[in-house]
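Dear colleague,

I am handing over the structure we spoke about, and my notes on it follow below. Please read them alongside the coordinates.

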Amino acid sequence: REIVWYLNNFPNTKICISDTCASLTFYDYEHIISQILFLYSTDIENLSLHLHVNHNNIDNVNEILLFSRRMKIRSIDVSILNTGGCNITLTEDKIFSNLHYKDIYKLFTRG
């Protein structure tokens, strides 16, 4: 709540919703966005998204991206390399790369 208050009172501030562990579910994301947008009346232009991807969560990431597109969240952090990962919260064998621009391209150009 404090972050959303800050965002609403300092309009040049951006909030990046980050899932550096590749564990965010679509349902949790939908709830977070609904709370931020509707309960706190936050401007959609102040939100951005940062996701990490693995073979187990790609369908979930696709749902999150499609929902974000419908909600008009246009700022999405992507990688040009299959690198990245949060080595502070995860062990090396569980680090997943940042969302790659090719993943978004494939999703948004699907038939």
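**Strands and buried positions**

Leu47 counts as buried because its relative accessibility is 1%, where buried means under 20% relative accessible area, exposed over 50% and partly exposed in between, with a 1.4 Å probe and protein chains only. Before going further, please note that this is a predicted model, in which local features need pLDDT of at least 70 and side-chain atom pairs count only at pLDDT 80 or more, while totals for chains, interfaces and linings use all residues. Residues are numbered from 1 along each chain as its sequence is written, and side-chain values use heavy atoms, with hydrogens and water left out.

Leu47 belongs to strand E2 (residues 47-53); helices (H or I, at least four residues) and strands (E, at least two) are DSSP runs, numbered from the N terminus. Ile15 is 32 residues away from Leu47 along the chain, yet their C-alpha atoms are separated by 5.0 Å, and Ile33, which is 14 residues from Leu47 in sequence, is 9.1 Å from it in space, C-alpha to C-alpha. Ile15 itself lies in strand E1 (residues 15-19) and is likewise buried, with a relative accessible area of 12%.

**Overall layout**

The protein chain has four helices and four strands, and from the N terminus on its elements run α-β-α-β-α-β-β-α. Of the 111 residues in the protein chain, 37% are buried.

**Helix packing**

Two packed helices are described by the angle between their axes and the distance between the axes. The axes here are lines fitted to C-alpha atoms, for helices over the stretch in contact, and the angles run from 0 to 180 degrees between N-to-C directions. Helix H2 (residues 26-39) packs with helix H3 (residues 58-70) at an angle of about 25 degrees, their axes being 9 Å apart. H2 is therefore roughly parallel to H3, given that angles under 35 degrees count as roughly parallel, over 145 as roughly antiparallel, 65 to 115 as roughly perpendicular and the rest as oblique. The crossing of these two helices, H2 and H3, is right-handed; a crossing is left-handed if the near helix is turned anticlockwise from the far one by less than a right angle, and right-handed if clockwise.

H3 also meets helix H4 (residues 101-108), the two axes coming within 11 Å and crossing at roughly 65 degrees. That makes H3 roughly perpendicular to H4, and H3 passes H4 in a right-handed crossing. Within H3 one finds Val61, which counts as buried at 2% relative accessibility. The C-alpha atom of Val61 is 8.9 Å from that of Leu99, although the two residues are 38 apart along the chain.

**Loop and surface**

In the loop between H3 and strand E3 (75-77) lies Lys72, which has a positive phi of about 70 degrees although it is not a glycine. Lys72 is partly exposed, with a relative accessible area of 47%.

Which residues form a nonpolar patch on the surface? They are Trp5, Tyr6 and Phe10, with about 350 Å² of accessible area together. Accessible areas come from the Shrake-Rupley method with a 1.4 Å probe, and for residues only the protein chains shown count as cover. Patches are made of residues with over 30% relative accessible area and no salt bridge, where like charges are joined within 9 Å and nonpolar side chains (Val, Leu, Ile, Met, Phe, Trp, Tyr) within 5 Å; a salt bridge is a side-chain nitrogen of Lys or Arg within 4 Å of a carboxyl oxygen of Asp or Glu. Trp5 is found in helix H1 (residues 2-9) and counts as exposed, at 52% relative accessibility.

With kind regards
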